[in-house]
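Please examine the structure shown below together with its sequence.

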Amino acid sequence: MLGPLELRVAGRVREVGQPRRRAVLAALAADAGRPVPVDALIDRVWDADPPGGARSVLYAHISRLRRLLDDASAEDDGRKTQGAALRIAKASGGYVLEGDDDAVDLLRFRALVARGRACPSAAERARVLREALGLWRGAPLPELSGAWAERVRAVWSGERIEAALAWAGAVRHEGRPEEVPALLGPLAAEHPLSEPLAVMLVRALGEAGRTAEAVHAYTTVERQLADELGVGPGRELRSAYEELLSERDGGQPPSAAPCPVPAAAPVSAARIPAQLPMDVRPFTGRDDQLADLTRHLLDGEDACRTAAVVVSAVSGTAGVGKTALAVHWAHRVRDAFPDGQLYVDLRGYDPQEPVSAAQALAGFLTALGVPGPEIPLRLDDRAARYRTAVDGRRLLVVLDNAASAAQVRPLLPGSPACRVLITSRDSLASLVSVHGAHRVVLDALSPDEATALLRTLIGPRVDAEPAEAAALSEQCGRLPLALRVAAELVLSRPAEPLAALVAELRDRRRRLDLLDGDGDPRAAVRAVFSWSYDRLPELPARLFRLLGLHPGPDADVHSAAAVVGESADRTRRALDLLAGAHLVERTAPGRYGMHDLLRAYAGELAVRHDAPPDRDAALARLLDHCLAASAAAMDLLYPAERHLRPVVDLPDAGLPPLRTPEECRAWLTAAQPTLVALCSRTEEPGPSGHTVRLATTLHRHYERCGHYADALAVHTHALRAARSAGDARGEADVLVCLGAVHRRLGDYDSAHRCHDTALALCRRVGYRTGEARHLTNVGVLHELRGQYREAADHHERAVGLFRAAGDAHGEADVLNNLGIVHELLEDYQASIERYRRALDLYRATGHALGEASALGNLGIVVARLGDHASAAGYFERALALFRRLGNTGGEAHALSNLGDAFSGLGRYEEAAAHQGQALELFRRTGERYGEAGALNGLGEALLGAGRHAEALDAHASALEVASGIEEREEQARAHVGTAAVRQALRDPERAGHHLRAALTLYTALDSPRADEVRKALLLMRDA
């Protein structure tokens, strides 16, 4: 059992002897299966003050322990009990305690924890982790003193706490919080300053209905933190306590079990979405509806009625204030959702294309921290991934302006911890009948509420002319949107009585009613809009109309200037005037959007007042602007690849500030929905050139930033546009982009089809550089599948084509790829030669990104030759360049390579740290190939550091990632790494299994490394 040191034989405790001998056994057991040098043993047993002749004393203890273990083994055999005997063996410079995992409780505990964490079901995870925790009985090694014993106690206690928290999380997920306090209570008493334990205990007690005990547990920790550390509780513990008080003060008696809301592991602050738009100010009325939402979405009894997810659907006519109500309520209760708030405007009744469920899911998954390549392409798969990502999280999901139940159904999570609030003009009847949604019907404001809103907006003039104020609210249909627009007009004419405005509006509405013979319910709103629009100066009026044609959800000043064909300064003043009149709204600093009713009204006005050529010209100017801004951003982010992008003219309206990489990335992110929408609208033969040029301009941005869902949409639209226009070169260029995205997503078959189609096209029209680009991309695909000789052949042909065309950049890129292939074929001199030629070309042409890539590749091949110190130098230079360029993907590879070099130099802890940094970056960018390599590098470093269990976990994760993308080399590397760990653990049978698997993979790769694996396998067999 884990706790005091014990030696058990056939279930009976055997006496070890004097304290120093127990310390020697503990020092060996702490690293069971791993050699411990003599000097390290002396330090552990005597700290920094060993006696004279310490080595002789140590040897005497070792001798006595060997006899004791031998006697125990003989007794065990005599009783024919199961299990492997322990023995102390001489190792190079020290000793090793040998035996399998079951012979040492610490190793058994770690193996069970690793197995438990890997269990897919919460019930099985709880069972295995409980078995692991059952091995403990108190603090470890309490009979030992000294610095080493203190460190060991701290580390092992930390492992025990982490396992206990994982078990408690699984048990709570299963809906059994009442089981948690019995185990966590005593553990929390042993570790009174552990806030994670306190958080879990407070939440479990609260969920079990033991509110008073939960409060006592919190106050106890709070007092001890203050007394011993002089600090208060952390954010997570305070949040748990505030949730507890909120539930208690809401009227729920302590004895009643609250609605069980499973809690997931704490979510990183960087991954907590906070997507709610700004609250509506002032907000008046709707008290009954707000209370209804709270009762059905938050209060325990009603919220528990829906097993899967609690949904409230707010329906009502346009302009009635559905969005305002939803956003205002969401802001009021946001603290009840500590794992974040998701929001999407589905634009269900927008004149343009509504937001699809697939697009909304891509946005949600990105906000939840799912890397781009892990976002599936099929809607059903994407919805399943979304449900997995939100499982157990306490999230509020606001789905605004839904067109139908079918649009929102894939966006419903399956977790009872989530709440969903939907607004729609539709009644969403099937959501009510099938999913148990609660409907909140929103009608026009009551007369008193409408008058109160006017009073809030325009002040005492309402009380001075109450009859006219009531008439004005009726003319606005008592719709909040119309009332706000009307109030702005009232404020703009302070000397005019309300009666005059009411009379003017009455006449205008009559005229609009005559035009709307079908009884359109929006007539009242149109009347108010027209009242405001007709008072606009010429430029703001034209801007308002043309913004109705803008396909994106919002626009910045410069894109609005492009639409209207004016300077940015004049456009900014016009936008400010429109915002003051509530005809546009500020969605973010420097960005403006329109309510869907206003957008529809503006579009109607544009059709009525602006001739078709003028509307087409506005769209063309917007396309020119977006293309020029995209090109400018890409030129700053990737200057050396300017020659690969189309030449773009600077528009008359100028560009937004794009002076730094941060400004460029921010603009690209904000403009992304507009860019996708523009490409979806420009498939006609006329403007198809814009679509193709946008796609090829943004290609590298999508590739490096992992926006693969958007990339597929844009490139697919561009491909259709090029084919529709008969643009063969454009089609070939777009197929380069499309093939690269499929390759990054691990869909090598689709990528190959793109490049094969383009190669035939390029050869037919004589597009030699296009042919070269596709040849080298096919070469990369062959390389990823382990077909190195085919890869080399394609790259060599591409080099010749680029050289003949005088394209030094293209030649350097392919030489870099060719060096990789020769390195994989273990023709290291040929590899070095290609890399150096590429490096010379990159430096001659000022291609810093290529230079960094070639330096990194040179480091890899030098490391293959065993010169890890020189390799580390190359990697450090590459890392500095990638960081200067802000290239996250390159930085991640350089960090991983540097970690490999440090492992080669025996600097294992530094190696593990670098691999950990690389792994974090790969997961952030979503590069699966790099993730697999970093995991394998981490496993190799951890093995060197003697952290066997962690090394096995790292290689297992690498194998899973590499298998998912069919990357055979990293699969083989994972098997070899696992075999090495198993060999260190004296497990030759499983080590041999992994070596044979690696051998099979390497043979399929047609790699000379298969010979090395065969030799290793033979050595293992002989051993």
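The text treats salt bridges, then strands and sheets, and finally aromatic rings.

This is a predicted model, in which local features need pLDDT of at least 70 and side-chain atom pairs count only at pLDDT 80 or more, while totals for chains, interfaces and linings use all residues. Residues are numbered from 1 along each chain as its sequence is written, and side-chain values use heavy atoms, with hydrogens and water left out.

## Salt bridges

A salt bridge is a side-chain nitrogen of Lys or Arg within 4 Å of a carboxyl oxygen of Asp or Glu. The structure contains 42 salt bridges.

| Pair | N to O distance |
|---|---|
| Asp576 and Arg586 | 3.1 Å |
| Arg773 and Asp733 | 4.0 Å |
| Glu950 and Arg947 | 3.0 Å |

Asp576 forms its salt bridge with Arg586. Helices (H or I, at least four residues) and strands (E, at least two) are DSSP runs, numbered from the N terminus. Asp576 belongs to helix 26 (residues 568-580) and Arg586 to strand 12 (residues 585-588), so this pair ties together parts that are ten residues apart in sequence. Buried means under 20% relative accessible area, exposed means over 50%, and partly exposed lies in between (1.4 Å probe, protein chains only). Asp576 is partly exposed, at 34%, and Arg586 is also partly exposed, at 44%.

Arg773 and Asp733 form another salt bridge. Arg773 is found in helix 34 (residues 768-784) and Asp733 in helix 32 (residues 728-744), so the pair ties together parts that are 40 residues apart in sequence. Asp733 is buried, with a relative accessibility of 18%.

In the salt bridge of Glu950 with Arg947, Glu950 is partly exposed at 38%, and Arg947 is partly exposed at 29%. Elsewhere, salt bridges with shared partners connect Arg108, Glu124, Arg127 and Glu131 in one network.

## Strands and sheets

Two strands pair if DSSP finds at least two bridges between them. Is strand 8 (residues 396-402) mostly covered or mostly uncovered? Strand 8 is mostly covered, since seven of its seven residues are buried. Strand 7 (residues 341-345) runs parallel to strand 8 and is joined to strand 8 by five bridges; here Leu342 stands opposite Val397. Strand 8 also pairs with strand 9 (residues 419-424) in the parallel sense, over five bridges, and Leu399 stands opposite Ile422.

An open sheet with antiparallel pairing is formed by three strands in the order 11-13-12. Strand 11 (554-556) and strand 12 stand at the edges with a single partner strand each, so one side of each has no neighbour in the sheet. Strand 12 pairs with strand 13 (residues 591-593) over three bridges in the antiparallel sense. Arg586, the salt-bridge partner of Asp576, stands opposite Tyr592 in strand 13.

## Aromatic rings

Rings of Phe, Tyr and Trp (its six-membered ring) pair if their centres lie within 6.5 Å; planes under 30 degrees apart count as stacked, over 60 as edge-to-face and the rest as tilted. The count comes to five aromatic pairs. Tyr533 and Phe544 form a tilted pair, with 6.0 Å between centres and 40° between planes. Tyr533 lies in helix 23 (residues 523-533) and Phe544 in helix 24 (residues 538-547), eleven residues apart. Both Tyr533 and Phe544 are buried. Ring pairs also link Tyr533, Phe544 and Tyr601 into a cluster.
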